[in-house]
Amino acid sequence: KAYHLNNQIDTAIGTYKRYGALLNKKHYKQEDIIRRIEMCNFAKKQIANPVNVEITNLGKGINTKDADFAPILTADESMLIFTSRREVKGVGEANVELDGTFFEDIYVSHNNDGTWGAPEAIGSSINQIGEHDAAIGLSADGQRLFVYKPDGGGDIYQSYLMGDIWTVPDRLSDNVNSDEWETHASISADGQTLYFVSDRKVKGGIQFGGRDIYKSTMLPTGEWSEAVNLGENINSPYEEDAPFIHANGKILYFSSMGHESMGGFDIFFSELGDDGNWGPAKNLGYPINTTNDDIFYVETPDGKRAYYSSVNVEKGYG
């Protein structure tokens with residue numbers, strides 16, 4: 001796995017095969033080894049045929065040595081909201097987990113003629129000391145924010161921008177949240193469809209394994225409808241996360257450990273067909289995707305720029 005992460009792909013394949021040869025053919029690890037070799041072979045093809053993109057770190061004004069992730073932004077790119085596990089000055093040990101890392105908090109940066117300004121904490125109405133607060137989705141106009149809080153199994157909340165202040169988040173209904181883990185959400189530009197992630201167990205329903213992506217539509221009553229699984233073209237037997245519905249409503253970006261992957265979470269897209277069904281998941285390719293985790297991809301309406309999170313050893317700060 002270390003060779004795999006360091007792009008020493010041929011060495012990784014050889015080592016996986018040697019390890020597999022030591023195992024009984026019925027050992028549960030055999031399936032994992034086969035999967036990892038498949039990812040290595042796919043990674044070789046992707047690295048040999050890179051897509052034509054320019055990747056730029058947003059800089060030390062946004063990123064730190066700690067984890068900075070899940071960027072979301074308004075359609076006009078005037079405001080960037082993201083989640084960070086950086087130190088909160090003046091708080092001390094109250095915002096440190098038992099493992100020594102900082103709790104997640106939400107930060108806001110504004111675009112000043114193409115330069116992102118110094119990020120500021122979103123405010124005490126949302127960020128709570130000693131708790132995880134993560135930004136997961138934003139309406140196109142920047143007035144409605146979806147937030148993850150680890151209440152129960154982990155639930156999705158929403159907050160509204162009133163002037164310069166965000167309201168205290170309200171938990172979404174039980175048609176979206178369950179007793180299980182809901183991690184991420186993205187709302188369509190018209191505000192009528194919510195795409196979200198859950199590892200719920202649906203009695204008599206469809207589930208593909210781990211976290212799946214679901215959708216819920218706005219009812220005439222103003223409530224969200226019962227959740228519907230997006231199906232096997234999107235969801236795999238592995239983990240899915242971080243859906244983002246494009247402004248055109250016809251392209252869904254998401255991250256997955258399944259499908260044709262280079263390793264870890266890769267970013268995929270699927271296009272909505274005329275029949276209302278989502279097409280097969282397509283990998284965005286290298287160097288957007290790497291052998292490590294690449295996730296939380298959001299794209300501007302014109303499709304020229306995208307923001308995402310990556311464990312990038314060469315270009316990252318930590």
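Predicted model: local features only at pLDDT ≥ 70, side-chain atom pairs only at ≥ 80, totals over all residues.
**Stop one: a pocket**

Select Asn 7, Thr 290, Asn 312, Val 313 and Glu 314. Of the residues lining the second largest pocket, these five lie nearest its centre. Rolling a probe the size of a water molecule over the atoms is what shows where empty space is left.

Next, select residues 240-245, which are strand β15. This strand belongs to an open sheet of four strands, ordered β15-β16-β17-β18. The pairing is antiparallel. Move on to β16, residues 251-256. Four bridges join β16 to β15, and the two run antiparallel. Zoom in on Ile 245. Its opposite number in β16 is Leu 252. In general, strands of a sheet pair through backbone hydrogen bonds.

**Stop three: Asn 63**

Select Asn 63, in the loop between α3 (29-48) and β1 (68-73). Is Asn 63 buried or exposed? Asn 63 counts as buried, because its relative accessibility is 19% and the cut-off for buried is under 20%. Now show the side chain of Asn 57. A polar contact of 2.8 Å links it to the side chain of Asn 63. Together with Asn 57, they are the residues in contact with Asn 63 once neighbours within four places in sequence are left aside.

How values were computed
Residues numbered from 1 in each chain as written. Heavy atoms only, no water. 1 Å grid on protein atoms, 1.4 Å probe; cavity = no way out; pocket = protein on both sides within 12 Å on 5 of 7 lines; lining within 4 Å. Pairing = 2+ DSSP bridges. Buried < 20%, exposed > 50% of the residue type's maximum accessible area, 1.4 Å probe, protein only. Polar contact = N/O pair within 3.5 Å; in protein donor to acceptor, adjacent residues only side chain to side chain. Contact = heavy atoms within 4.5 Å.
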